[in-house]
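Please look over the protein shown here. The report below walks through it piece by piece.

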Amino acid sequence: MMNRFELLNLLQDTIQDELVVCNIGLPSQELYKINDRPNYFYMLGSMGLASSIGLGLSLAVDKNVISIDGDGSVLMNMNTLATIGNRAPSNYTLLIVDNGSYGSTGDQKTFTNERTSLKDVAIGAGCPNVIECSGEETNENLQKAIDDKNNSYVIISKIKSGNVPIKPIPLNAVTIRDRFRKEIGLVTYL
Ligand SMILES: [Mg+2]
């Protein structure tokens, strides 16, 4: 099984100009280290809300939007799956990196290690296209979700826990926001 850093690295083969909203903490820091791009929005606050921010964005723009979220994050904002199940447009993909742990706070185990299946929760919440796969299968499923212009997707990528040594992102929140708005086609007047 691969870890999150390895998975995020692999995803660079598939992600092109899609708008990406990435989960707070180590996921964003790892993504920044692997391949910083202006179409990557590194969430610096709002724990648990990457999926909701991405959903709102996808409802407002035509471009494909991918939220890269975590199991711990979705578990603390589980109602997001019901909103996505009922309202997500076809340009939205929620990619849940499920490593069975709260990685950013020290790798405490989450309940996806025990009896909770985010796949079953997402299906029960009404999400129409739910795929659970291994890290190795994630790129092909993400590509399928991007290519499908008629459906939204929830992909749950099962990987192992573990973090790599990493520094904080040196960009400030205003810089991250402004360059991301440029990618969307919005101009910030400040
Ligand atoms: Mg996790």
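Buried means under 20% relative accessible area, exposed means over 50%, and partly exposed lies in between (1.4 Å probe, protein chains only). Seven of the 10 residues of helix 2 (residues 26-35) are buried, so helix 2 is largely enclosed by the rest of the structure.

Helices (H or I, at least four residues) and strands (E, at least two) are DSSP runs, numbered from the N terminus.

## The model

This is a predicted model: local features need pLDDT of at least 70, side-chain atom pairs count only at pLDDT 80 or more, and totals for chains, interfaces and linings use all residues. Residues are numbered from 1 along each chain as its sequence is written, and side-chain values use heavy atoms, with hydrogens and water left out.

## Overall build

The protein has eight helices and eight strands. Its radius of gyration is 15 Å, close to the 16 Å that the globule rule gives for 190 residues, so the protein is as compact as a globular protein of that length. The radius is taken over C-alpha atoms, and the rule is 2.2 Å times the number of residues to the power 0.38. Along its principal axes, the C-alpha trace spans about 50 × 40 × 30 Å.

Of the 190 residues, 51% count as buried. Now take contacts between residues at least 6 apart in sequence: 72% of them join residues at least 24 apart. A contact means heavy atoms within 4.5 Å.

## The magnesium site

Which residues coordinate the magnesium ion? They are Asp71 (OD), Asn99 (OD1) and Ser101 (O), at 2.1 to 2.2 Å. Donors are N, O and S atoms within 2.8 Å of the metal (3.2 Å for Na, K and Ca); water is not among the atoms, so sites may look incomplete. Along the chain, the donors follow the spacing D-x27-N-x1-S.

Asn99 is buried, with a relative accessible area of 6%. Ser101 is buried too, with a relative accessible area of 6%.

## A residue in strand 3

Ser67 sits in strand 3 (residues 65-70). Is Ser67 buried or exposed? Ser67 counts as buried, at 0% relative accessibility. Leaving out residues up to four places away in sequence, Ser67 touches Val21, Ala50, Ser51, Gly54, Tyr92, Thr93, Leu94 and Leu95.

## Two positive phi angles

Most residues other than glycine have a negative phi. Ser46 is not a glycine, yet has a positive phi of about 60°. Ser46 is found in the loop between strand 2 (40-42) and helix 3 (50-60). At 42% relative accessibility, Ser46 is partly exposed.

Asp107 also has a positive phi, near 65°. Where is Asp107? Asp107 lies in the loop between strand 5 (101-102) and strand 6 (108-109). Asp107 is partly exposed, with a relative accessible area of 27%.

## A residue in helix 8

Lys182 belongs to helix 8 (residues 173-184). Lys182 is exposed, with a relative accessible area of 68%. Lys182 and Asn39 are 143 residues apart along the chain, and their C-alpha atoms are separated by 8.7 Å.
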